[in-house]
There are 2 protein chains.
Amino acid sequence: MNEIFSLLETNKLSRTPCRIEVLKTLKLAGSALSEAEIREKIGDHFDRTTVYRTLRCFLKEDVIHSISLDGGEVRYALSPHTEVAHSSHHVHFFCHDCNSVYCISHQAYKTPELPIGFMAESFDLLIQGSCRKCKK
Amino acid sequence: MNEIFSLLETNKLSRTPCRIEVLKTLKLAGSALSEAEIREKIGDHFDRTTVYRTLRCFLKEDVIHSISLDGGEVRYALSPHTEVAHSSHHVHFFCHDCNSVYCISHQAYKTPELPIGFMAESFDLLIQGSCRKCKK
DNA sequence: TTAAATTTGCAACAAGGTTGCAAATATTTT
DNA sequence: AAAATATTTGCAACCTTGTTGCAAATTTAA
């Protein structure tokens, strides 16, 4: 809980019920959640718009980050608050069995060669397969 | 144009005006287009639902593939019709200057190491930066 | 505790995703 | 080539999401 308060303070965000709930929910869920899932878990305490704006706000401050799945579905997860947190390199794993998305910590990692003239600045890698729990 | 007809035939899809237009549009645009962009380029000849269903149909047959961008925006591009076409490994480049998405042909390419128990089956890599045209 | 700054809930609207169904069009069969 | 069959279209309809403005409520600062 303290962790949540300091997350807010660090980013100069006021400590409002909705923000606290969203952060608690994301922290509890080990995996990334969609906006609908977050609302569902929080219950009916806040207006849809409020949750929406809360997420926008967290995204802007990099408290959370978003992951775009295949059909365009977006999920949100707490950003790792390490020094490399603001790095724009993200690796995620989508389990097609349990539908969960995990953030994968990424070591040094080479992107494939690009055609001449292209300049890479960041990347997002979405690996798909079956996760620890679902692998049989 | 023949290419488009054979694309349809190969996939046992009937040769209807909307399908032809969508394929022509995607072929002409060197880069991936959103559904709205496709509709815009085609003009007002078809119902929104028709274009929507046309895309679903092409996706199912793997005539096109979709790319999910950062905020959840989805774009569509013709699938490469090589032998590896149905491979589920995709590399795309998003230019944050001109907003274009390019399919990048990918050579052998190693995904980063995963935590124990995770089994990768495919991946999607979205590289961001500036493209050939926009690089200064 | 009051004043100032932010955040919330609500209304409202645009756009996207999706389905059912009858009419129109394409393909197949005779 | 025409008729029969199978598909695809357009339209209505409905739900979800994204997004904004604004006044009321809440939080933070003074």
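This is a predicted model: local features need pLDDT of at least 70, side-chain atom pairs count only at pLDDT 80 or more; totals for chains, interfaces and linings use all residues.
Me: Which element gives the most residues to the surface near DNA strand D?
Reply: There are 22 residues around DNA strand D, with A:Tyr52, B:Thr16, B:Arg19, B:Thr50 and B:Arg53 the closest. Of the atoms of DNA strand D that come within 4 Å of the protein, sugar and phosphate make up 57%. By class, the surface splits into five nonpolar, seven polar and ten charged residues. The top contributor, with five residues, is helix 4 of chain A.

Me: Which residue has a polar side-chain atom 2.6 Å from a base oxygen of DNA strand D?
Reply: Backbone atoms get involved too: a polar one of A:Arg15 is 2.8 Å from a phosphate oxygen of DNA strand D. On the base side, a polar side-chain atom of A:Arg53 sits 3.2 Å from a base oxygen. The 2.6 Å distance to a base oxygen belongs to a polar side-chain atom of B:Arg53.

Me: Within what arc do the buried residues of helix 1 of chain A fall?
Reply: In helix 1 (residues 2-10) of chain A, the buried residues are A:Ile4, A:Phe5, A:Leu7 and A:Leu8. They line one face of the helix, because seen down its axis they fall within an arc of 155 degrees.

Me: Which exposed residues sit on the face of helix 1 of chain A turned away from its buried side?
Reply: An α-helix has 3.6 residues a turn, so residues three or four places apart point the same way. The buried residues of helix 1 of chain A are covered by elements including helix 2 (17-28), helix 4 and strand 3 (74-78) of chain A. The face turned away carries the exposed A:Asn2, A:Glu9 and A:Thr10.

Me: Is A:His90 buried or exposed?
Reply: A:His90 is in strand 4 (residues 89-95) of chain A. Beyond its neighbours within four places in sequence, A:His90 is in contact with A:His65, A:Phe123, A:Asp124 and A:Leu125. The cut-off for buried is under 20% relative accessible area. A:His90 has 19%, so A:His90 counts as buried.

How values were computed
Residues are numbered from 1 along each chain as its sequence is written. Chains are lettered from A and ligands numbered from 1 in the order in which they are written. Side-chain values use heavy atoms; hydrogens and water are left out. Helices (H or I, at least four residues) and strands (E, at least two) are DSSP runs, numbered from the N terminus. Buried means under 20% relative accessible area, exposed over 50%, partly exposed in between (1.4 Å probe, protein chains only). Contact means heavy atoms within 4.5 Å. A residue is near a molecule or strand if one of its heavy atoms lies within 4 Å of it. A polar contact is a pair of N or O atoms within 3.5 Å; within protein, one must be able to donate a hydrogen and the other to accept it, and residues adjacent in sequence count only if both atoms are side-chain atoms. Ala, Val, Leu, Ile, Met, Phe, Trp, Tyr, Cys and Pro count as nonpolar, Asp, Glu, Lys and Arg as charged, and the others, Gly among them, as polar. The arc is that of the directions from the helix axis to the C-beta atoms.
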